[in-house]
Amino acid sequence: MTKLVAPLLLALAGLVATAAQAQDVKRGEQRAAQCIGCHGIPGYQASFPEVHKVPMISGQGADYIVASLQAYAKGERKHPTMRGIAGMLSEQDMLDLGAFYAQHGASMLKPVADTPARQPSPAVQALLTKGACISCHGANFNKPIAGNYPKIAGQHADYLYVALRAYGVEGNRNVGRNNAIMAAQVKPFTRAELKQMADYIASLPGDLRVIQQSRFR
């Protein structure tokens, strides 16, 4: 019996070590050095392949960050710069980055009400209802139903608009997102309608932040 216990304990210790390593915040902070040149600069604006503020990722869900990086690495999200960066990351790197950014700036957060204090206009409400947006992203757009869905409340409006529009783009080497669910949701809307929804969601309070980071750490 004793001969069996020792190997079992070693195996359990290995599992615990693997679980602890699965999301290493400190290592994620080190890996984030290649991210801060865009995501760690307040107001930073991308110019290729489209012009928009780069998304806020501090405070974003860890699973969503991992899912996004995986999508870029596979080419399911067609952004040349992000695909190049994600393609150099291991699965462990992605897990660590997700863990780091999920807790990054947590001390700055304020409680977000379950329903937005600022209600949309009737026209925008009709669009949100048509798109069934709250069924995935939550009534306050800050509490998605699953970890691999993004928080979008307070995200930059121009980025939200570009992201929404990308789900309906086909046959473009540099722009587009392959997601059957989002593609089906987006296609019934005009670009003007997508912009109205993006503007409203961006105006809401949420967990997302841009936290300035120094390259010299």
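Trainee: Where is Ser 58 found?

Mentor: This is a predicted model, in which local features need pLDDT of at least 70, side-chain atom pairs count only at pLDDT 80 or more, and totals for chains, interfaces and linings use all residues. Residues are numbered from 1 along each chain as its sequence is written, and side-chain values use heavy atoms, with hydrogens and water left out. Ser 58 lies in the loop between strand S2 (52–53) and helix H4 (62–74); helices (H or I, at least four residues) and strands (E, at least two) are DSSP runs, numbered from the N terminus.

Trainee: Is Ser 58 buried or exposed?

Mentor: Buried means under 20% relative accessible area, exposed over 50%, and partly exposed in between (1.4 Å probe, protein chains only). Ser 58 has 1% relative accessibility and therefore counts as buried.

Trainee: With which residues is Ser 58 in contact?

Mentor: Contact means heavy atoms within 4.5 Å. Beyond its neighbours within four places in sequence, Ser 58 touches Tyr 101, His 104, Asp 207, Leu 208, Arg 209 and Ile 211.

Trainee: How are two packed helices described?

Mentor: One gives the angle between their axes and the distance between the axes. Axes are lines fitted to C-alpha atoms, for helices over the stretch in contact, and angles run from 0 to 180 degrees between N-to-C directions. H9 and H11 pack at about 140°, their axes 8 Å apart. Residues making this contact include Leu 160 of H9 and Leu 194 of H11.

Trainee: Which residues of H11 are buried?

Mentor: They are Leu 194, Met 197, Ala 198, Tyr 200, Ile 201 and Ala 202. Their cover includes helix H7 (122–131), helix H9 (157–166) and helix H10 (180–186).
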